[in-house]
Amino acid sequence: MRVLFVAARETTYARNEVLLRALRQFAHVDVIAPGSAPRSLVKTSASMAWQALGALRTHRYDLVFCGFY
């Protein structure tokens, strides 16, 4: 199983961390997340959506999961 995990907050945020750990036990997980804490939710969301579209064009995923925003 292959999963695309998209998060607008850092992956070390508690909810994202728990979900990622669980998903990684059962699937290959590709993660799209900002490198640092986002300053603008609008800009960060647009960037994450653009990156997710690129990933969806190049790979096949069984599940796309949007982590805590």
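Author: Let's start with pairing: two strands pair if DSSP finds at least two bridges between them. Strands themselves are DSSP runs of E, at least two residues, and helices are runs of H or I, at least four, numbered from the N terminus. One caveat: this is a predicted model, where local features need pLDDT of at least 70, side-chain atom pairs count only at pLDDT 80 or more, and totals for chains, interfaces and linings use all residues. Residues are numbered from 1 along each chain as its sequence is written, and side-chain values use heavy atoms, without hydrogens or water.

Reader: OK, in which sense do E1 and strand E3 pair?

Author: Parallel, over 4 bridges, with E3 spanning residues 63-66. Val 3 stands opposite Leu 63 in E3. E1 also pairs with strand E2 (residues 28-32) in the parallel sense, over 5 bridges. There, Arg 2 faces His 28 of E2.

Reader: Which handedness does the crossover from E1 to E2 have?

Author: Point the strands away from you: if the path from the first strand over the helix to the second runs clockwise, call it right-handed. Here the chain goes from E1 through helix H1 (residues 14-26) to E2, and this β-α-β crossover is right-handed.

Reader: How many residues of strand E1 are buried?

Author: Buried means under 20% relative accessible area, exposed over 50%, and partly exposed in between (1.4 Å probe, protein chains only). Strand E1 (residues 2-6) has 4 of its 5 residues buried.

Reader: And why does Val 64 count as partly exposed?

Author: Because its relative accessibility is 41%. Val 64 lies in strand E3.
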